[in-house]
4 protein chains.
Amino acid sequence: MGSVKIGIVGLGRLGKRHAQNLRYKVVGSDLTAACSIVPEELAWAEKELGISETYTDYDEMLAKADLDAVFLVTSSSMHSAQSIKALEKGLHVFTEKPMGVNLEECRNVEAVVSRHNKQVFFVGFVRRFDPSYAYAKKLIDDGVIGEPFLVRSQTVDLDEYAEFQVDFVPSSGGIFLDCNVHDIDLARWYLGSEVKTVYSKGGSYVHKAFDEVDDADNTVVLATFEDGKMAVIAASRTAFHGHDTHTEITGSKGILKIGITPAKSRVEILDGHGARQECVKDFYERFQEGFLNEAQEFIDCIIEERRPIVSALDGTKATEVGFAMTDSFKQKKEIVLG
Amino acid sequence: MGSVKIGIVGLGRLGKRHAQNLRYKVVGSDLTAACSIVPEELAWAEKELGISETYTDYDEMLAKADLDAVFLVTSSSMHSAQSIKALEKGLHVFTEKPMGVNLEECRNVEAVVSRHNKQVFFVGFVRRFDPSYAYAKKLIDDGVIGEPFLVRSQTVDLDEYAEFQVDFVPSSGGIFLDCNVHDIDLARWYLGSEVKTVYSKGGSYVHKAFDEVDDADNTVVLATFEDGKMAVIAASRTAFHGHDTHTEITGSKGILKIGITPAKSRVEILDGHGARQECVKDFYERFQEGFLNEAQEFIDCIIEERRPIVSALDGTKATEVGFAMTDSFKQKKEIVLG
Amino acid sequence: MGSVKIGIVGLGRLGKRHAQNLRYKVVGSDLTAACSIVPEELAWAEKELGISETYTDYDEMLAKADLDAVFLVTSSSMHSAQSIKALEKGLHVFTEKPMGVNLEECRNVEAVVSRHNKQVFFVGFVRRFDPSYAYAKKLIDDGVIGEPFLVRSQTVDLDEYAEFQVDFVPSSGGIFLDCNVHDIDLARWYLGSEVKTVYSKGGSYVHKAFDEVDDADNTVVLATFEDGKMAVIAASRTAFHGHDTHTEITGSKGILKIGITPAKSRVEILDGHGARQECVKDFYERFQEGFLNEAQEFIDCIIEERRPIVSALDGTKATEVGFAMTDSFKQKKEIVLG
Amino acid sequence: MGSVKIGIVGLGRLGKRHAQNLRYKVVGSDLTAACSIVPEELAWAEKELGISETYTDYDEMLAKADLDAVFLVTSSSMHSAQSIKALEKGLHVFTEKPMGVNLEECRNVEAVVSRHNKQVFFVGFVRRFDPSYAYAKKLIDDGVIGEPFLVRSQTVDLDEYAEFQVDFVPSSGGIFLDCNVHDIDLARWYLGSEVKTVYSKGGSYVHKAFDEVDDADNTVVLATFEDGKMAVIAASRTAFHGHDTHTEITGSKGILKIGITPAKSRVEILDGHGARQECVKDFYERFQEGFLNEAQEFIDCIIEERRPIVSALDGTKATEVGFAMTDSFKQKKEIVLG
């Protein structure tokens, strides 16, 4: 069992987490290089992680560093180009979602991936690697709820981050692409089918500023799949109790609920407010195990020469559906895909 | 505080429950007459409730009995005509939902009600009188969750009753009218607004027989309201854990969940199946307090000369939206109301 | 099915509740007379319940009123004497707990009850008639948890009532007799055995005033039974979340928990305090169904000539064990009963 | 930040887990040597962890290996002697609980620790390092529940392991020492006081074989502390739902419950058994994060020259109280410590 030499690209908040995992927690990972356009981030990598090989230019890293794989935690708009360059260089690639910011980018990546099918290409759909989401998949595969036909999934963020998000709407692509990409991926994964129609509604119920950028702070989408199955996908930027990402899967023999109450811990407090559980604040807190597990799985796939359970097609589909959901919202009508 | 002389009409399963409440549990109620076309039901009323004045004909009861009010628990198709006759006779009227099986019937009732505005007219939207649903309304009115803008509400029945329901689709009007009328009423009540658009999807995922009668066993509707608020309304006939009616209301400052786990009691069982709560089997079990409370409120409104919180307009709106939801499902498109 | 003519004695807070149930909610009950030494209470009974036959003297009521039964909701110190007088007069008797304030009183009642064994004698162990506690008994009898051998049961009151309780310690007999009588009764009922040893500990952790009257605000008792089974019985006067009465029964095949979170309703609130459930404030709120059910069962036992599931022996045992628990606390040692 | 060279001793089930953490997950840890009397375990360490320096003799390892610390996961009876040898060799020591199998052993270790007070000595009270237990401590320290005065804590194992445990009673010391050592430690930690009296009861309710070795399968202990605080400590070997370790802390302003339902994941299943959560099977599953966190804390204490929050005194006290609890059970009386 050799180790996989990795160069991480992007060391913002999430990048730092990935870097720490790759440096200290992921078995078989050898984090040898880091790339960032922010000097402070590279200084952090040297000081905290002991990484001496740092780059401010991605192309230079690809040219000079002795790497087996890159780990892309850069801005969404750079994911596809950076993925393609690394693949063509013969490297394994982990890219954060989204795989591309439009359908053309996604398809370009897919094409390159298919030409490099001995290399591992991995899109960071972290929820699939959360222990509870993964266990739900196992229960479904074991037939515990019969045939699944309805997914309800939501991504809900704390209100305190909302105002900050307004400025990011142009680059994030808005609430459907920013929040619901994971829900789309989960619905496809659990239902084993492709989205055929989407119908989106929403509004700026709390923060009017989202109206001005043609976005919303709370949305609901009703989607149907090619085989008639359904999904209800919701997003909110205005919660006060916590980051409330949860999913429910209805099947012909039972129902699974995953994380309905986003409890911060196993502690319950009984006081003047009643019997209560404090909730997780953000997706970093909720999915810290998932982030570690997905990085481990990336490394294991490389070492064991396996294909990951997430494919480039999954990356394309999530983006495609996210855009259709956005179109439905803006055009105020049902959108038929494909 | 005098007592209100009541004639109950219809003594099927739900009728019997109402009759027992009116006879023994509702303060100020004097159940003096019973009407049914089923002789066994009248025999039951005599024997179990001691009601000697029984009728097989509704008109005869109206003509002969000394009544202040009628309590209609008959087939849906008879509600409007029987309501109108009693109102015109000067009686107070409680009618089970739906108020009418089509919009014309509903509007006829509304017109008669408006001409008899000193009489109490009460549509049996029982969930409003469930302690938890009523408490949620109070919390909302108290501002606990700020301005409510999204309701998610579902009515889910046990699978064991499903096959039995197929034959009733023609008379019940199908899953949207049969199951979701209460959810529609709750959404209107909590949001304080009228439905503007509905978009329905569903299928016969478990019992194909529903397909043949152009109905479904699981459905989801995404509705919008005149002021831009939203509701997600779901129905299912295929649950295995219990009758799972629950509702969630999202507001600008918080969220209320009502009855998310439909626990049968306060007992939790820890055994080889894990930590578990048994669930209520049907709406009789879930809403037994609601049935009692609504009957008490009907009597109190009569005695105290108050208007009930449910109006004839509420009855019309629930039916109107239920039909629009059905149309959307059958025509496979969004329906705009009004 | 005739009706049972009842005279209620004592119309304080709990007495009023019983009176309302007996007047309006209990099938077969005919509340014809009321007795109280407080004129305002009798005026309330006339005005609110329409009871014209009122007495300020218990003996006078027994002499003059045409009664089948008395319902005693008086001070604890009067229960045994009033029970005996009514039994000797040939009446059925419901008495609130405790049956007597010392063992001698209890045994006197037992003796009289045994000489009047055609009359119903009923001690108000209300928890046995709560739907969840009763359902737990059914599950145990059905063998769901195998052979039960350990009960953990607690009675916990809101801190806001604590200061008020200090003055009542001399008459109530202190925390073990005041709070734990129900827990003792439940443990005996579920385990089907008699207490053999008790070992009590406690203190005045929050309100030092209890120390001065040789009482405590929080206590725990470890009891063993004649067949080696065990119970842990706790009491607290210092809760902030609600009246938290709950019970857990461990058996050889599983565990039952009853009411572990004393939720006020089925409503959950998600806000800045987390995901929370408000809790019931007091035993009136928690056991309102139990109070109704026990009164109904009392009447049904009279009409159907059945024996109630609570006997005079149960009343004696609860008092006996309560005193032993108090002795153990005060003498700081294990007490062996019998 | 240098790395700490560690030799692990004992590679049974728990030893393997610790070894994997130390090898791959603990930052600053350099697992360089392994010692075991079982050749297969050393082969596993070489193959799975790449550790080439292996020993079958502890003394030989101490003599030859270049180590900063030892990590003892051996039989309980070897902990004290091995701890002392390593301390006298100048090494940092992590030892699994118990620190010693009798009070004399514990005190010997304490004495040696005090003479080597620049070395880190760490007893594996893993629950203190579980995120939820640690968070509860923080909440208490923050004053959220006021002054804590009552701890209820239990260790409950699956029935399927019970028969297997009978043979281990002589070496494990019985149920109080085997199961409750962690509960004792938690009660001392949360209450900040020392145990003064213990009173134990229990029996062999399910597996009679425990009777024959003077042990029990279910026990309860009521303990008091020097300042009058209390703890109820229970153990069971006969659960069917899961490994149910949980703790409740009552304070003057509120209550904390930690892990009341030992859910396996965030997945809830709704099916014919009701609404249910599967539970963790054993303490490995429940405390996997705790095992990692405690090893990390051990390393961090060494690197940062800090004292751990668990001391040799904690190890002594847990053993001392465990023996007193056992004595109380066997002698059928309250035991006063100290």
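Two strands pair if DSSP finds at least two bridges between them. Helices (H or I, at least four residues) and strands (E, at least two) are DSSP runs, numbered from the N terminus. The model is predicted: local features need pLDDT of at least 70, side-chain atom pairs count only at pLDDT 80 or more, and totals for chains, interfaces and linings use all residues. Residues are numbered from 1 along each chain as its sequence is written, while chains are lettered from A and ligands numbered from 1 in the order in which they are written.

**View 1. Strand β14 of chain A meets β14(C).** Three bridges join strand β14 (residues 274-277) of chain A to β14(C). The two strands run antiparallel. Which residue stands opposite A:R276 in β14(C)? It is C:R276.

**View 2. Chain C touches chain A.** Contact here has a cut-off: the C-beta atoms of two residues, placed from the backbone, lie within 7 Å. Chain C gives 13 residues to this contact, and chain A gives 13 residues. On the side of chain C, β13 and β14 (274-277) each give two or more residues. β14(C) gives the most, with four residues. By class, this side of chain C has four nonpolar, six polar and three charged residues. Ala, Val, Leu, Ile, Met, Phe, Trp, Tyr, Cys and Pro count as nonpolar; Asp, Glu, Lys and Arg count as charged; the others, Gly among them, count as polar.

**View 3. Chain C touches chain B.** This contact takes 24 residues from chain C and 24 residues from chain B. Four elements of chain C give two or more residues to its side: α1 (13-25), α6 (131-141), β12 (255-258) and β13 (267-271). The residues on that side divide into 14 nonpolar, four polar and six charged. Strand β12 (residues 255-258) of chain B is joined to β13(C) by four bridges, and the strands run antiparallel. B:K257 has C:E268 as its bridge partner in β13(C).

**View 4. An axis relates chains C and B.** A rotation of 180 degrees, with 0.0 Å of shift along its axis, superposes chain C on chain B (RMSD 0.0 Å). The two copies are thus related as by a two-fold rotation axis. In chain C, the C-alpha of C:K25 is nearest the axis, 2.2 Å from it. The same surface serves both copies: 100% of the contact residues of chain C recur in chain B. The superposition is by least squares on the C-alpha atoms of residues with pLDDT of at least 70 in both copies.

**View 5. An open sheet in chain C.** Six strands lie in the order β3-β2-β1-β4-β5-β6, with parallel pairing. β3 (53-55) and β6 (121-123) of chain C are the edge strands, each pairing on one side only. Six bridges join β1 (residues 4-9) of chain C to β2 (residues 29-35) of chain C. C:V9 has C:C35 as its bridge partner in β2(C). Helix α4 (residues 79-88) of chain C packs on the sheet, touching β1, β4 (69-72), β5 (92-95) and β6 of chain C.

**View 6. Helix α6 of chain D.** Which residues of α6 (residues 131-141) of chain D are buried? They are D:S132, D:Y133, D:A134, D:A136 and D:I140. A residue is buried if 20 or more other C-beta atoms, placed from the backbone, lie within 10 Å of its own. The buried residues of α6(D) pack against β13 (267-271) of chain A, together with β7 (148-158), α10 (181-191), β11 (246-251) and β12 (255-258) of chain D. D:G143 follows α6(D), and its phi is positive, near 85 degrees.

Note on methods:
Buried ≥ 20, exposed ≤ 12 C-beta atoms within 10 Å, placed from the backbone. Axes fitted to C-alpha atoms, helices over the stretch in contact; angles between N-to-C directions.
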